[in-house]
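Please walk through this protein with me, one part at a time. Keep the sequence and the 3D view side by side.

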Amino acid sequence: MHRENAYTKEAALKNLARRELANGLDKDPIYKLRLQCFSRGATGILGLSRAFRVMDDDGSKTLNAEEFKKGVTDIGLEVSDSEIEDMFTSFDTDGSGNINMTEFLVKLRPPMNNSRISIIEKAFDKMDVNGDGQITVADLKNVYSVRDHPKYLSGEMTEAEIFTGFLKNFEEGAPNPDGVVTREEFINYYATISASIDNDAYFDLMMRQAYKL
């Protein structure tokens with residue numbers, strides 16, 4: 001239930017992204033936005049996806065230009081208004097004034113091969129006990145025992161606090177944390193971790209050890 005194995009590689013990815021952002025070279029707006037997200041670590045792309053979800057009141061999975069701009073700026077990404085407009089226009093291929101936010105996020109996150117996506121989804125499915133497409137504290141209680149957790153044994157943290165702390169890994173820096181992690185958010189989180197790990201076997205092992213697969 002932890003990601004210590006990925007901390008060092010995630011830090012290296014953040015530093016690399018910051019150096020590339022500072023090199024002064026012209027960049028495709030989507031690539032620049034990806035680097036901005038990488039510079040925040042694993043929660044960068046996730047934070048953007050959560051910002052979009054908060055605004056998707058009707059569950060349509062679409063965003064207009066104003067909502068898109070608000071999502072990008074709300075989490076403090078340093079992208080100019082003209083770059084935001086260019087990104088939106090490139091996705092609004094039919095000129096409808098709306099874009100599919102899922103398709104946008106799939107293009108924004110770094111590509112992963114099928115084996116990596118498969119192991120991420122296996123981890124999610126293990127925790128999503130009731131199969132409703134989201135992970136909550138109630139799900140975690142049915143999967144993990146905290147009896148051997150040092151802070152539980154010492155009385156420093158309750159079971160609920162430990163599980164809530166785990167879910168906060170996926171909500172760090174995100175607007176309006178709600179204690180709920182969707183499948184898409186889980187994949188977006190690990191897509192950035194994946195980008196920091198070149199070796200497929202290592203990524204697979206890390207996921208299996210973290211989630212006891």
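The model is a predicted one.

Start with the record. UniProt, in an unreviewed entry, lists residues 43-78, 79-114 and 115-150 under "domain: EF-hand". Take residues 115-150. This span is 53% helix and 6% strand. Its end C-alpha atoms lie 34 Å apart. Now take residues 79-114. Here the chain is 56% helix and 8% strand. The end C-alpha atoms of residues 79-114 are 31 Å apart.

Next, look at how helices meet. Find helix H2, residues 29-38, and helix H6, residues 101-108. Their axes come within 10 Å and cross at roughly 75 degrees. An angle of 65 to 115 degrees counts as roughly perpendicular, so H2 is roughly perpendicular to H6. Which residues of H2 and H6 meet? From H2 come Ile30, Leu33, Arg34 and Cys37. From H6 come Phe104, Lys107 and Leu108. Sorted by class, this contact has five nonpolar, no polar and two charged residues.

H6 also packs with helix H3, at an angle of about 175 degrees. The axes of H3 and H6 are 11 Å apart. Angles over 145 degrees count as roughly antiparallel, so H3 is roughly antiparallel to H6. H3 brings Ile45, Leu48, Ser49, Phe52 and Arg53 to the contact. H6 brings Met101, Phe104, Leu105 and Leu108. By class, the contact of H3 with H6 has seven nonpolar, one polar and one charged residues.

Now turn to charge. Side chains of opposite charge can pair when their charged atoms come close. The structure holds eight salt bridges. One of them joins Lys61 and Glu184, with the closest N and O atoms 3.6 Å apart. Lys61 sits in the loop between helix H3 and strand E1, while Glu184 sits in helix H11, so the pair ties together parts that are 123 residues apart in sequence.

Finish with the rings. The structure has 11 aromatic pairs, counting ring centres within 6.5 Å. Which residues form one aromatic cluster? They are Phe124, Phe166, Phe186, Tyr189, Tyr190 and Tyr211.

Methods. Residues are numbered from 1 along each chain as its sequence is written. This is a predicted model: local features need pLDDT of at least 70, side-chain atom pairs count only at pLDDT 80 or more; totals for chains, interfaces and linings use all residues. Side-chain values use heavy atoms; hydrogens and water are left out. Axes are lines fitted to C-alpha atoms, for helices over the stretch in contact, and angles run from 0 to 180 degrees between N-to-C directions. Helices (H or I, at least four residues) and strands (E, at least two) are DSSP runs, numbered from the N terminus. Angles under 35 degrees count as roughly parallel, over 145 as roughly antiparallel, 65 to 115 as roughly perpendicular and the rest as oblique. Contact means heavy atoms within 4.5 Å. Ala, Val, Leu, Ile, Met, Phe, Trp, Tyr, Cys and Pro count as nonpolar, Asp, Glu, Lys and Arg as charged, and the others, Gly among them, as polar. Rings of Phe, Tyr and Trp (its six-membered ring) pair if their centres lie within 6.5 Å; planes under 30 degrees apart count as stacked, over 60 as edge-to-face and the rest as tilted. UniProt positions are given in the numbering used here, feature names are shortened, and annotations may be inferred rather than shown by experiment. A salt bridge is a side-chain nitrogen of Lys or Arg within 4 Å of a carboxyl oxygen of Asp or Glu.
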